[in-house]
Every structure is written in structure tokens, then in C-alpha cells.
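Trainee: Please show me how to read a model like this one, feature by feature.

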Amino acid sequence: MSEETLWRDYWKNVASCFNNEIANQLNIEPLTLKEFKLISLKKLARKLYEACKNHQDKLDAIISLCTKAKFSQNVLRNVSRVPWGYVVTYGQIAKSTENPKAARAVGNIMRRNPFPFIVPCHRVVRNDGSIGGFMGGFQNSTKVKEKLLEMEGITFENKRINLKKYGF
């Protein structure tokens with residue numbers, strides 16, 4: 001499978017993050033479609049990570065606009081704070097929202113994540129260190145999640161992530 005084939009569906013989801021409104025809120029230049037196609041995935045992810053890290057208050061406002069449900073807002077905010085190169089579990093995010101039994105609900109929110117990369121749902125994994133689902137299960141989605149984590153320096157041992165090493 002070529003890299004182009006692997007990323008094609010994922011790019012469609014990520015492209016929605018680059019409308020002018022969000023770029024303006026985060027004080028980053030919106031990318032033209034041509035630029036978007038040319039930029040490397042790692043450079044794009046790093047650019048978004050740095051912009052969001054430096055403007056968390058604006059990101060929180062954007063999240064508030066995209067969903068009215070407080071639980072969903074809390075999940076998206078908490079996931080947006082997971083640093084580059086680290087992972088959290090669905091259960092940890094549930095506990096951080098004071099709903100410790102809501103791990104499955106966290107997964108459903110991640111599946112419908114309106115801001116891939118900005119809210120790095122690829123950094124949310126299962127309690128056993130396996131990666132779980134990704135972006136609603138589009139074709140090759142698990143492979144994409146794996147590649148995104150590897151891009152951030154996270155390694156796998158027997159298809160699992162060492163949560164002691166990479167846990168946030």
C-alpha cells in the first residue's frame with residue numbers, strides 16, 4: 001500500500017480544520033489547497049500542535065462553538081491538551097471529566113472529532129495499550145493512527161504502546 005493511498009481519506013478529514021475561521025482564531029495562516037497538498041504530514045501536525053499549545057483559550061472557544069454538550073466539550077478540551085509524543089487512555093479521559101465509567105462515550109466523541117490534529121484523537125488509546133479505533137473507521141484508519149503515533153516518536157511492542165513510557 002502506497003503512502004498516498006494510506007493518507008488519501010485522512011487528508012479529507014484533516015482538510016476541514018483549515019478553514020479561515022479556525023486559522024484566524026489560532027493566528028496561523030490558512031493553507032491554500034495547493035499548499036495543503038504539498039506540506040508534509042509531520043510539518044502540518046507540528047504547526048497545528050504549536051499553534052494550539054500557544055492559544056489554548058482560543059481553541060477552547062472554538063470547541064465550545066462546535067458542540068453544546070458539556071461532556072463533549074470537556075472531552076475535546078482534555079484531549080487537546082495531550083502533548084506531542086504522549087498518549088492517554090479512553091478511561092483516563094473519562095475520569096478527567098468526572099465520568100469514570102464513560103470510556104465508551106469518550107470513544108464515540110473521538111470517532112466524531114470535528115478537529116483532527118487540533119484535538120489529537122490519535123493520542124487516545126485503549127487501557128491495554130492497543131490503539132483502538134480511529135476517525136469513524138474509514139478505510140485503513142487504524143494504520144493511519146499507528147503512523148501518526150510513530151511520527152511522534154511512539155513505538156509499539158507486539159502491537160501495543162508502553163503506557164508507562166508514553167503515558168501522559
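**Reading the fold**

Mentor: Let's start with a pair of helices: α5 and α6 cross in a right-handed way. Handedness goes like this: a crossing is left-handed if the near helix is turned anticlockwise from the far one by less than a right angle, and right-handed if clockwise. The labels come from DSSP runs, numbered from the N terminus: helices are H or I with at least four residues, strands are E with at least two. Keep in mind that this is a predicted model, where local features need pLDDT of at least 70 and side-chain atom pairs count only at pLDDT 80 or more, while totals for chains, interfaces and linings use all residues. Residues are numbered from 1 along each chain as its sequence is written, and side-chain values use heavy atoms, leaving out hydrogens and water.

Trainee: At roughly what angle do the axes of α5 and α6 cross, and within what distance do they come?

Mentor: Axes are lines fitted to C-alpha atoms, for helices over the stretch in contact, with angles running from 0 to 180 degrees between N-to-C directions. Here α5 (residues 56–66) and α6 (residues 70–80) have axes that cross at roughly 150 degrees and come within 9 Å. α5 and α6 are therefore roughly antiparallel (angles over 145; under 35 is roughly parallel, 65 to 115 roughly perpendicular, and the rest oblique).

Trainee: Which residues make the contact between α5 and α6?

Mentor: On the α5 side, Gln56, Leu59, Asp60, Ile63, Ser64 and Cys66 take part, and α6 brings Gln73, Leu76, Arg77 and Ser80. Contact here means heavy atoms within 4.5 Å. The residues of this contact divide into four nonpolar, four polar and two charged. For that sorting, Ala, Val, Leu, Ile, Met, Phe, Trp, Tyr, Cys and Pro are nonpolar, Asp, Glu, Lys and Arg are charged, and the others, Gly among them, are polar.

Trainee: And at what angle do α6 and α8 pack?

Mentor: About 75 degrees, with the axes of α6 and α8 (residues 103–111) 10 Å apart. α6 and α8 are therefore roughly perpendicular to each other. From α6, the contact uses Phe71, Ser72, Val75, Leu76 and Val79, and from α8, Ala105, Val106, Ile109 and Met110. This contact with α8 divides into eight nonpolar residues, one polar and no charged.

Trainee: Let's zoom out. How many helices and strands does the protein chain have?

Mentor: There are 10 helices and four strands. In sequence order, the pattern is α-α-α-α-α-α-β-α-α-β-α-β-β-α. Among contacts in the chain with a separation of 6 or more, 66% are between residues 24 or more positions apart.

Trainee: Where is confidence in the protein chain lowest, and where is it highest?

Mentor: Check pLDDT, the predictor's confidence in each residue, from 0 to 100. Helix α1 (residues 3–15) has the lowest mean, 55, and strand β1 (residues 88–89) the highest, 98. The protein chain averages 79, and 70% of the residues score at least 70.

Trainee: Is valine 88 buried or exposed?

Mentor: The cut-offs first: buried is under 20% relative accessible area, exposed is over 50%, and partly exposed is in between (1.4 Å probe, protein chains only). Valine 88 sits in strand β1, and at 4% relative accessibility it counts as buried. Leaving aside neighbours within four places in sequence, valine 88 is in contact with Val82, Ile93, Arg123, Val124, Val125 and Phe168. Over the protein chain's 168 residues, 48% count as buried.

Trainee: What about the loop that holds asparagine 158?

Mentor: Asparagine 158 lies between β3 (156–157) and β4 (160–161). Asparagine 158 has a positive phi of about 55 degrees although it is not a glycine, and it counts as exposed at 76% relative accessibility. Lysine 159 is in the loop between β3 and β4 too, with a positive phi of about 65 degrees, although not a glycine. Lysine 159 is exposed, at a relative accessible area of 68%.
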